[in-house]
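The following note sets out points on the structure shown below.

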Amino acid sequence: MKKIVFYVFIPLVLLACRSKVKSMKGDEEVKPSEFIEFFPEQKFPLKIADTSLVKFSKDSLIVAYKVAKQFIPDTVFTKYFGKSNKLKIYAMGRVREKSKEHYLLMKVANGKKQVGYLLIFNEKDQFKSSMPLVTSGFENFAASSGSVDAKFQIATVKEFKPGTNISYKRNIYIYNAEAQNFTLIMTEPNEDIIEEVINPIDTLPSKQKISGNYIKNKRNFISFRDGKKATEFLFFVHFEKENASCVGELKGIARQTNKNTLQYQEPGNTCALEFKFEGNEVTMKETGGCGAYRDIKCFFEGSYPKKAEPKPARKKRS
């Protein structure tokens with residue numbers, strides 16, 4: 001009899017603990033720590049598949065959009081959902097690296113379009129970065145999944161079905177706390193698959209003269225966007241050389257040293273870049289060791305022409 005009472009008591013205690021978590025419906029003030037704790041704590045691996053993304057819709061784990069945007073920038077959502085404020089958001093799970101970052105798994109849906117995001121919050125409960133692990137309703141993948149293992153390696157797997165053959169691509173990333181981005185450390189395609197490069201700063205303002213996109217092609221480009229100060233610029237670089245056997249990618253803040261030059265280097269990080277602007281072209285040079293952001297056979301270097309922005313159509317006089 002005592003055993004029966006004991007086993008009945010355990011779930012009641014767990015339920016009571018869960019009930020103490022603050023609601024995310026938007027009718028109460030929410031602290032960053034409360035937002036993070038609302039995500040159910042999970043064991044490793046923290047994982048998600050496109051099939052579970054479609055099925056997952058627990059009303060008890062809904063996060064109001066106006067609550068989410070207090071802690072997560074709108075730019076996280078605009079890549080896939082534009083400026084819609086009718087998003088349905090669900091807290092799927094969380095793990096934490098001891099005394100370091102929180103890794104949160106979140107589902108965002110708008111109709112049939114759904115994305116499973118990985119969110120990074122630092123030890124001070126501040127949002128730092130995000131990446132989409134799986135999507136549904138956008139591409140014609142045969143299957144896709146994502147996970148975070150006990151070593152905090154982040155894996156994304158996409159299977160494709162061209163004709164009667166099944167091909168896949170598996171990428172392994174680690175989160176770089178200093179650069180506040182994700183570094184690709186390994187890729188395992190069973191054949192060449194061309195995948196879209198996501199530009200994380202694409203939707204940000206570009207009103208400054210040198211802001212804009214400098215492009216060789218869709219897989220070799222540099223984007224600059226306006227920073228908080230007139231002398232600061234957000235940038236994102238992606239390049240692929242030698243038939244994509246040598247890939248580099250980096251996001252950061254470059255600071256103006258003179259009218260035509262920007263430099264990137266963060267305290268404690270050996271990586272340093274220099275950007276020189278002349279006419280409608282920027283030349284990039286690696287001035288410090290950036291091996292953590294590229295393969296060993298190539299460097300951040302080369303010249304990129306600026307993409308001309310379309311001129312606004314003139315209004316016809318009536």
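**Note on the predicted model**

1. Leaving aside neighbours within four places in sequence, F77 is in contact with Y65, I72, G82, L87, I89, M106, V108 and Y117; contact here means heavy atoms within 4.5 Å. F77 also belongs to the largest nonpolar core, which has 29 residues, and F35, I72, F77 and Y117 touch the most other members. A nonpolar core is taken as a set of buried Ala, Val, Leu, Ile, Met, Phe, Trp, Tyr and Cys residues joined through side-chain atoms within 4.5 Å. At least two residues of this core come from each of α2 (32-38), α4 (65-71), α5 (75-81), β3 (88-96), β4 (102-110) and β5 (113-121). Helices (H or I, at least four residues) and strands (E, at least two) are DSSP runs, numbered from the N terminus.

2. On the basis of the description: this is a predicted model, in which local features need pLDDT of at least 70 and side-chain atom pairs count only at pLDDT 80 or more, while totals for chains, interfaces and linings use all residues. Residues are numbered from 1 along each chain as its sequence is written, and side-chain values use heavy atoms, with hydrogens and water left out.

3. On the chain as a whole: it contains 5 helices and 18 strands. Of its 318 residues, 41% are buried, where buried means under 20% relative accessible area, exposed over 50%, and partly exposed in between (1.4 Å probe, protein chains only). The accessible surface of the chain is about 19400 Å², and carbon and sulfur atoms account for 52% of that area. Accessible areas come from the Shrake-Rupley method with a 1.4 Å probe; for residues, only the protein chains shown count as cover. Among contacts between residues at least 6 apart in sequence, 44% join residues at least 24 apart.

4. A second, separate core has 25 residues, including I222, L273, C290 and C298. In soluble globular proteins, nonpolar side chains tend to be buried together.

5. With the bonded cysteines numbered in sequence order, the pairing is 1-4, 2-3.

6. The link of C246 and C298 is left-handed, with -95° about the S-S bond.

7. The link of C271 and C290 is right-handed, with 90° about the S-S bond. This pair connects distant parts of the chain, with C271 in the loop between β15 and β16 and C290 in the loop between β17 and β18, 19 residues apart. C271 is buried at 0% relative accessible area, and C290 is buried at 0%.

8. How many salt bridges does a search of the whole structure find? The search finds 6, a salt bridge being a side-chain nitrogen of Lys or Arg within 4 Å of a carboxyl oxygen of Asp or Glu. One of them joins D202 and R225, with the closest N and O atoms 3.4 Å apart. D202 lies in the loop between β10 and β11 (212-217) and R225 in strand β12 (residues 220-226), so the pair ties together parts 23 residues apart in sequence. D202 is partly exposed at 42% relative accessible area, whereas R225 is buried at 3%.

9. E232, R255 and E266 are linked in a network of salt bridges. E232 and R255 meet at 3.5 Å, N to O; E232 is in strand β13 (residues 232-241) and R255 in strand β14 (residues 246-258), 23 residues apart. R255 and E266 meet at 3.6 Å, N to O, with E266 in the loop between β15 (261-265) and β16 (272-278), 11 residues from R255. E232 is buried, with a relative accessible area of 14%, while R255 counts as partly exposed at 34%.

10. On the surface, I174, I185 and M186 form a nonpolar patch with about 230 Å² of accessible area together. Patches are made of residues with over 30% relative accessible area and no salt bridge: like charges are joined within 9 Å, nonpolar side chains (Val, Leu, Ile, Met, Phe, Trp, Tyr) within 5 Å. M186 is placed in strand β10 (residues 181-189) and counts as partly exposed at 37% relative accessibility.

Technical notes. A disulfide is a pair of cysteine sulfur atoms within 2.5 Å.
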